[in-house]
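Let's take a walk through this structure together, with the sequence and the 3D view side by side.

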Amino acid sequence: MYRAMPPPFPLPAHMPCPECGASVARGREDDHVCEEERLLRYRMIQLREEIARFDDDLAAYLSSQRGRFDVWYAARERSKRRDQA
Amino acid sequence: MATTDELKTIGRRVIEEIFGEGRLEVADEIISADFVGYDAALPEPNRGIEGVKQSAAGYRAAFPDITFVVDEQIAEGDTVVTRWTGRGTHEGDLFGIAPTGKQATVTGISIDRIADGKVVEDHTNWDTFGLMQQIGAIPTATTA
């Protein structure tokens, strides 16, 4: 006779809060309040690949012909505004 | 032979000072040069003082804010058993798993054999599976 098997991967006694990543004991989820600092740090780590990609993209753009021109143009515009002020 | 209190103190210092506080120099004081450590999570034993330092440094690199609490100790003969709970945030590479920022709480049991005031052998089993679930490397069942 078929007997239902228990779940293959039962939950551990603690699990991270899905919002801030803090370790929260099972059954105490309602008592948990996210700390702002941890929340921010957690989100930064989630975004680390995007941030790294942005840095790479920015560096590539700045070293391109168009990027070098834009940097030069922005510097010239700032200089003109300074002179007009 | 060390007293049971001395055995417990050495067992506690390994967990709290070397692994918990990252005071690797303590290994020079309480780990034997002939040390062999069997960590259930590692494919090969740790050997010698440097082996302990590398192991502690590796876990601390993955969990820089890691802390340990000793929950219970039993000492007999030349051996001390330490049941502990560790908690830390996964902010560095762990066994090839990129940082997740998730905080994990795991329990473990270390059995240390002491000779001449130093740990010569360690067997540690800890909740590797639970850690992997908590950092999302293994899926968890939500309902039965």
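Predicted model: local features only at pLDDT ≥ 70, side-chain atom pairs only at ≥ 80, totals over all residues.

**Chain A**

Start with chain A, whose secondary structure comes to three helices and two strands. Read from the N terminus, the order of these elements is β-β-α-α-α. How does the radius of gyration of chain A compare with that of a compact globule of 85 residues? The globule would have a value near 12 Å, but chain A comes out at 25 Å. The C-alpha trace of chain A spans about 85 × 35 × 15 Å along its principal axes. Of the 85 residues in chain A, 18% are buried. Among the contacts in chain A with a separation of 6 or more, 5% are between residues 24 or more positions apart.

**Where chain B meets chain A**

Now turn to the interface. Here 22 residues of chain B are in contact with 17 residues of chain A. Together the two chains bury about 1600 Å², and 54% of that area is on carbon and sulfur atoms. Eight residue pairs across the interface are in polar contact, both residues being at pLDDT 80 or more.

Which elements of chain B give two or more residues to the side that touches chain A? They are strand 4 (79-89), strand 5 (103-115) and helix 4 (128-134) of chain B. Helix 4 of chain B gives the most, with four residues. By type, the residues on this side of chain B divide into eight nonpolar, 10 polar and four charged.

The rule also finds one salt bridge across the interface. It pairs B:E91 with A:R41.

| Pair | Kind | Distance |
|---|---|---|
| B:E91 and A:R41 | salt bridge | 2.6 Å between the closest N and O atoms |
| B:S110 and B:T124 | polar contact of side chains | 2.8 Å |

**A closer look at B:S110**

Is B:S110 buried or exposed? Its relative accessible area is 2%, so B:S110 counts as buried, the cut-off being under 20%. Leaving aside residues up to four places away in sequence, B:S110 touches B:I15, B:V80, B:V81, B:T82, B:W84, B:D122, B:H123 and B:T124. One of these neighbours, B:T124, is also the partner in the side-chain polar contact of 2.8 Å.

Notes:
Residues numbered from 1 in each chain as written. Chains lettered and ligands numbered in written order. Heavy atoms only, no water. Contact = heavy atoms within 4.5 Å. Buried area = accessible area lost by both parts, 1.4 Å probe. Salt bridge = Lys/Arg side-chain N within 4 Å of Asp/Glu carboxyl O. Polar contact = N/O pair within 3.5 Å; in protein donor to acceptor, adjacent residues only side chain to side chain. Nonpolar A, V, L, I, M, F, W, Y, C, P; charged D, E, K, R; others polar. Rg over C-alpha atoms; globule rule 2.2 N^0.38 Å. Buried < 20%, exposed > 50% of the residue type's maximum accessible area, 1.4 Å probe, protein only.
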